[in-house]
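Dear colleague,

Please find below the structure that I am handing over to you. My notes on the findings follow it.

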Amino acid sequence: APIIADEGMAVNRAFVECKQGDPNPNKCLGEGEKVTACVLKTLRTAEEKCGPSFTGFQKCLHNRSRQFADCVEQQAAFEKCMGYKR
């Protein structure tokens, strides 16, 4: 989802750069943990702040085989609740 991508851009970039710079998976565990923590924080915030619209968006994606184009209305409601600007 765009919100997760935006919230985690810096930690995702650091993780990808680490992986590209060293093929040893152990070298990037710290960066991977930061990515996971960022995603979990974003999901918790979404659930706490915008539970109904977040759940509606999730259900739409689930019921429509994760086709974002089919869930534009639910996505807009969720993003509005989160204060997300594209």
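**Helix packing and disulfides**

Helix α2 passes helix α3 in a left-handed crossing, a crossing being left-handed if the near helix is turned anticlockwise from the far one by less than a right angle, and right-handed if clockwise. Before the details, please note that this is a predicted model, in which local features need pLDDT of at least 70 and side-chain atom pairs count only at pLDDT 80 or more, while totals for chains, interfaces and linings use all residues. Residues are numbered from 1 along each chain as its sequence is written, and side-chain values use heavy atoms, with hydrogens and water left out.

**The α2/α3 pair**

Helix α2 covers residues 9-21 and helix α3 covers residues 29-63. Helices are DSSP runs of H or I with at least four residues, strands are runs of E with at least two, and both are numbered from the N terminus. The axes of α2 and α3 come within 9 Å and cross at roughly 155°. Axes here are lines fitted to C-alpha atoms, for helices over the stretch in contact, and angles run from 0 to 180 degrees between N-to-C directions. The two helices are therefore roughly antiparallel to each other; angles over 145 degrees count as roughly antiparallel, under 35 as roughly parallel, 65 to 115 as roughly perpendicular and the rest as oblique.

On the α2 side, the contact is made by Val11, Asn12, Ala14, Phe15 and Cys18, and on the α3 side by Glu31, Gly32, Lys34, Val35 and Cys38. Contact means heavy atoms within 4.5 Å. By class, this contact of α2 with α3 has 6 nonpolar, 2 polar and 2 charged residues. Ala, Val, Leu, Ile, Met, Phe, Trp, Tyr, Cys and Pro count as nonpolar, Asp, Glu, Lys and Arg as charged, and the others, Gly among them, as polar.

**The disulfides**

A disulfide is taken to be a pair of cysteine sulfur atoms within 2.5 Å, and by this rule the count comes to 3 disulfides. With bonded cysteines counted along the chain, their pattern is 1-2, 3-6, 4-5. For accessibility, buried means under 20% relative accessible area, exposed over 50%, and partly exposed in between (1.4 Å probe, protein chains only).

Cys18 is joined to Cys28 by a disulfide with an S to S distance of 2.0 Å. The link of Cys18 and Cys28 is left-handed, with -95° about the S-S bond. Cys18 is in helix α2 and Cys28 in the loop between α2 and α3, 10 residues apart, and the pair links distant parts of the chain. Both Cys18 and Cys28 are buried.

The sulfur atoms of Cys50 and Cys81 are 2.0 Å apart and form a disulfide. The torsion about this S-S bond is about -95°, so the disulfide of Cys50 and Cys81 is left-handed. Because Cys50 lies in helix α3 and Cys81 in helix α4 (residues 72-82), the pair ties together parts that are 31 residues apart in sequence. Cys50 is buried at 1% relative accessible area, whereas Cys81 counts as partly exposed at 32%.

Cys60 and Cys71 also form a disulfide, with sulfur atoms 2.1 Å apart. The S-S torsion of Cys60 and Cys71 is about -95°, so this disulfide is left-handed. Cys60 lies in helix α3 and Cys71 in the loop between α3 and α4, so the pair ties together parts that are 11 residues apart in sequence. Cys60 counts as buried at 4% relative accessibility, and Cys71 counts as buried at 0%.

Cys38 counts as buried, at 17% relative accessibility.

**Other residues**

Ile4 lies in helix α1 (residues 2-7) and counts as partly exposed at 25% relative accessibility. Leaving aside neighbours within four places in sequence, Ile4 is in contact with Val39, Thr42 and Leu43.

Ser65 is in the loop between α3 and α4, and its phi is near 55°, a positive value in a residue other than glycine. Arg66 is in the loop between α3 and α4 and has a positive phi of about 60° although it is not a glycine. Ser65 counts as exposed at 56% relative accessibility, and Arg66 is exposed with a relative accessible area of 58%.

With kind regards
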